[in-house]
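Please look over the structure shown here and read the briefing that follows alongside it.

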Amino acid sequence: MDTIAIPALNRPVNATVEIPGSKSLTNRALLVAALAQGNSILENALFSEDSKYFVKCLEQLGISITLNPNLANIEVMGRGGDIPTKQADLFVGLAGTAARFISALVALGNGEYCLDGVPRMRERPMGDLLKVLQMGGATVNFEGNPGFMPYTIYSQQFSGGHFRLKSNQTSQQLSALLMIAPYAKQDTIIEVDGTLVSQSYVKMTCRLMADFGVQVLQTNENQFQIKAGQHYQPQHYNVEPDASNASYFFAAAAVTGGRVRVNNLTKQSCQGDILWLNVLEQMGCQIYEGDNYTEVIGPKQLQGIDIDMNDISDLVQTLGAIAPFASSPVIIRNVEHIRYKETERIQAVVTELRRLGVKVEEFVDGLKIDPSSVTPSLIETYQDHRMAMAFAITGLKVPEVVIKDPDCTAKTFPDFFARFFQMLEQ
């Protein structure tokens, strides 16, 4: 499908929706389940392009995996830290989590592993993680630019030790190291240089590790200690609905003054992006929480906000897409690192808002969006799933908004538009 037209609503949305499992939790659970000794079952797991690349890489490394997409279950036969395959060519597509997590995983083995991705993945930062893996005993040969794909890792079982890691562009590199560290030859201490971006994702990693039986000691904001010799225990693990993907449905309630309930997701979620509810509350929405659901009711008029989104940066596009309808400016700060995501996200949001006739000011680390009259337009998505999903919400308020390449949502939410239109029909 080349394009999809979004029907503008002349009424508030009123719907209850189900959201597939979290991409971030699915991929973390896949890694630790592969390292556990024995059989784990992941329920409500996400079946998307990202998770499929991850699963294929694990299978190429000799990890037995059974997929049951009809039940949204994945069964993983963990090998207790062993990497059975000694040579593999591993392709991760545009999956940043798979790229970082698989690179760290193969460092535990004794073999030769080539990793590559699509052209944009070759532009995404990998160097800080690879430097630590090299200090831990691996050799890395780059085919092109040092620090970027494609490269080959020659591993000799990760040694552990005391490392310093830059983490100002992505927290995934720290999460990758934390998850493999229990299987290192010695204890691991990781000190983060500078301000850690997306800290909520690191907290998610530590919480999931604990769910599988491994403890991380965080001595201060920037130092993490992991004892060697700990072992992940096989689990029957239920993956929460994806809070990032729920943001689009909550945003639909916000812009239309309507009501959207998302089942099986509450503020007790371990996902940092559940803080989107706080953002909407500050903009005038009412939030109601039950035992197994959260409901957002939108106001007659959204209010502007000035917000540091470093910790919930995957939601910058969602906020940008609804910001023109606020009564005062929306200012987004401290998100320079999203320039290194699936696309250059700050620039992409600015470009598409201006295409819609919105007044926007771009900063190095963010943007300011003024209340504006929005005009119809064809929205470029830059092969970025979050551009497509976010600007679909804009289309609920503006006639003739058309989303280009809607199939890019397959990266994390393959049936997004099916569920989106179901929401509108309720």
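Predicted model: local features only at pLDDT ≥ 70, side-chain atom pairs only at ≥ 80, totals over all residues.

Helices (H or I, at least four residues) and strands (E, at least two) are DSSP runs, numbered from the N terminus. Residues are numbered from 1 along each chain as its sequence is written, and side-chain values use heavy atoms, with hydrogens and water left out.

**The protein as a whole**

- The protein contains 12 helices and 23 strands, and its C-alpha atoms fill a box of roughly 60 × 45 × 40 Å, taken along the principal axes.
- Of the 426 residues, 62% count as buried, where buried means under 20% relative accessible area, exposed means over 50%, and partly exposed lies in between (1.4 Å probe, protein chains only).
- Among contacts (heavy atoms within 4.5 Å) with a separation of 6 or more, 74% are made by residues 24 or more positions apart.

**The annotated active site**

- An unreviewed UniProt entry lists D314 under "active site"; UniProt positions are given in the numbering used here, feature names are shortened, and annotations may be inferred rather than shown by experiment.
- D314 is placed in the loop between β18 (305-308) and α9 (316-322), and D314 counts as buried because its relative accessibility is 10%.
- Leaving aside neighbours within four places in sequence, D314 is in contact with Y201, D273, K341, R345 and R386.
- The side chains of D314 and Y201 are joined by a polar contact of 3.2 Å, a term for a pair of N or O atoms within 3.5 Å; within protein, one must be able to donate a hydrogen and the other to accept it, and residues adjacent in sequence count only if both atoms are side-chain atoms.

**The annotated binding site**

- Under "binding site", the unreviewed UniProt entry lists K23, G96, R124, Q172, R345, R386 and K411.
- From this set, K23, G96, R124, Q172, R345, R386 and K411 belong to the lining of the largest cavity; on a 1 Å grid over the protein atoms alone, a cavity is a set of points where a 1.4 Å probe fits but cannot get out, and lining residues have an atom within 4 Å of a point.
- R124 lies in the loop between β7 (110-116) and α4 (127-135), and R124 counts as buried because its relative accessibility is 2%.
- R345 is buried as well, with a relative accessible area of 1%, and the side chains of R345 and Q317 are joined by a polar contact of 3.5 Å.
- Leaving aside neighbours within four places in sequence, R345 is in contact with several residues, including D314, D384 and R386.

**Two further buried residues**

- V316 lies in helix α9 and is buried, with a relative accessible area of 1%; beyond its neighbours within four places in sequence, the contacts of V316 include M309, I332 and L367.
- T256 is found in helix α7 (residues 243-256) and is buried, with a relative accessible area of 14%, while the side chain of T256 reaches the backbone nitrogen of V13 at 3.2 Å.

How values were computed:
1 Å grid on protein atoms, 1.4 Å probe; cavity = no way out; pocket = protein on both sides within 12 Å on 5 of 7 lines; lining within 4 Å.
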